[in-house]
Amino acid sequence: MNKQIIATIDIGSNTVALLIVEIIKEHITVIQEIEFIVQLGQGLSKYNIINQKAIKRFQSAMYECSQLVVQNRCSSIYCVATEAVRQAKNKDEIIKIGEAFGFNVNIISAQEEAGLVLYSILKEFPIKINTQIIFDIGGGSTEIIHNKNHNNNNIISHKIGTISLYEKFFLHDPPLLSELKQYKMYVNNALDSFPISINNTTQIIGVGGTVTSVSALVNKINPYSYKLIHKSTLSYNHIIDLYNVYKKFNINKRESLPGLHPLRAKVIFSGLFLLLLIMEYYNIKEISVCDRGLRWGLLWKKIEY
């Protein structure tokens, strides 16, 4: 029996995501899929340094990942880091912690990150129409991918993410109207650099923790269920209704939301608002939700090359 057990790890600005799969004759079985909220991007926008509290959370996540990798006897491990580690002046600390637990942390570019996400999207949402637009909303950046007929892909990475925008604009809890206006202006100015033509032959797909968390909140999915979230849809009406309610909530109220991890409560409104602004800017009425992003793209690329 030709069996492989492979692990992929995505070190993001908000989470560390671990995927462990068993592959037998091209059949993939998920053994473990788990996220650790470490918030490496917390405070990063001010000094470009990952703070020591976040580093301790990261150490704990790496320990848990190492235990799971050993328990499941993984034959191959692939680990990548994205925007927070790209920015950080003390990125060497992250690399050394990874090495201490047996992981070779590969810091990838925004273009490589988007390419891996696209790789997963093409597996999960085979293109049957002319164009796909993919929005990958992260804690430190947002990637927009324009995929047309499997080629001529146009990718842009905006340094607008749920954590960085929260820290830049939301100085009050709940945010003031003036802060919401400044947030909106900033995001729209960023999006001005990437005009997209969206029509009836365009499929819109959202990836990342913000999109999946919003889907869980809209659809009242508690506890979180991959099967119910993945390939669900979110309409503009869903998003604007949620926005109008959540903009009045403080952190304590958000922490009590069913289906939302308490550590996501701080920035969930920032992510929701960013998603809303993207949909408004491009006049998007509905998006499909993808729960298989970077970690899955990394898996597919490694086993097919």
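Helices here are DSSP runs of H or I with at least four residues, strands are E runs of at least two, and both are numbered from the N terminus. The model is predicted, so I noted that local features need pLDDT of at least 70 and side-chain atom pairs count only at pLDDT 80 or more, while totals for chains, interfaces and linings use all residues. Residues are numbered from 1 along each chain as its sequence is written, and side-chain values use heavy atoms, with hydrogens and water left out.

**Overall size.** I looked up the radius of gyration, taken over C-alpha atoms, against the globule rule of 2.2 Å times the number of residues to the power 0.38. A compact globule of 305 residues would come near 19 Å, and the protein agrees, at 19 Å. Along the principal axes, the C-alpha atoms fill a box of roughly 60 × 45 × 35 Å. I then checked burial, where buried means under 20% relative accessible area, exposed over 50% and partly exposed in between, with a 1.4 Å probe and protein chains only. Of the 305 residues, 54% are buried.

**Strand β6.** I found seven of the seven residues of β6 buried, so this strand is largely enclosed by the rest of the structure. Both faces are covered: T131, I133, F135 and I137 lie on one side, and Q132, I134 and D136 on the other. For neighbours I used the pairing rule, which asks for at least two DSSP bridges between two strands. β6 runs antiparallel to β7 (residues 142-148), with seven bridges between them. T131 stands opposite K148 of β7. The two strands make a hairpin with four residues between them. β9 (residues 202-207) runs parallel to β6 and is joined to it by six bridges. I134 has I205 as its bridge partner in β9.

**Helix α8.** Is α8 enclosed or open? I found 10 of the 10 residues of this helix (residues 209-218) buried, so it is largely enclosed by the rest of the structure. Among them are T210, S213 and S215, along with V211, V214 and L217. Just after α8, K220 has a positive phi of about 55 degrees.

**Largest pocket.** I looked up its volume, which is about 1000 Å³. Elements giving two or more residues to the lining include β2 (15-24), α2 (52-71), α5 (110-124), β6 and α8. β3 gives the most, with five residues. By class, the lining has 18 nonpolar, 20 polar and 12 charged residues. Nonpolar covers Ala, Val, Leu, Ile, Met, Phe, Trp, Tyr, Cys and Pro, charged covers Asp, Glu, Lys and Arg, and the others, Gly among them, count as polar. A pocket is an open set of points on a 1 Å grid over the protein atoms alone, where a 1.4 Å probe fits, with protein on both sides within 12 Å along at least five of seven lines; lining residues have an atom within 4 Å of a point. Points are joined across faces, edges and corners, and the volume is the space filled by probe spheres set on them.

**Cysteines.** I looked for disulfides, meaning pairs of cysteine sulfur atoms within 2.5 Å, and the structure holds zero. The sulfur of C74 has its closest cysteine sulfur in C65, 10 Å away, too far for a bond. For C79 the closest is also in C65, at 7.9 Å, again too far. C74 counts as buried at 15% relative accessibility, and C79 at 4%.
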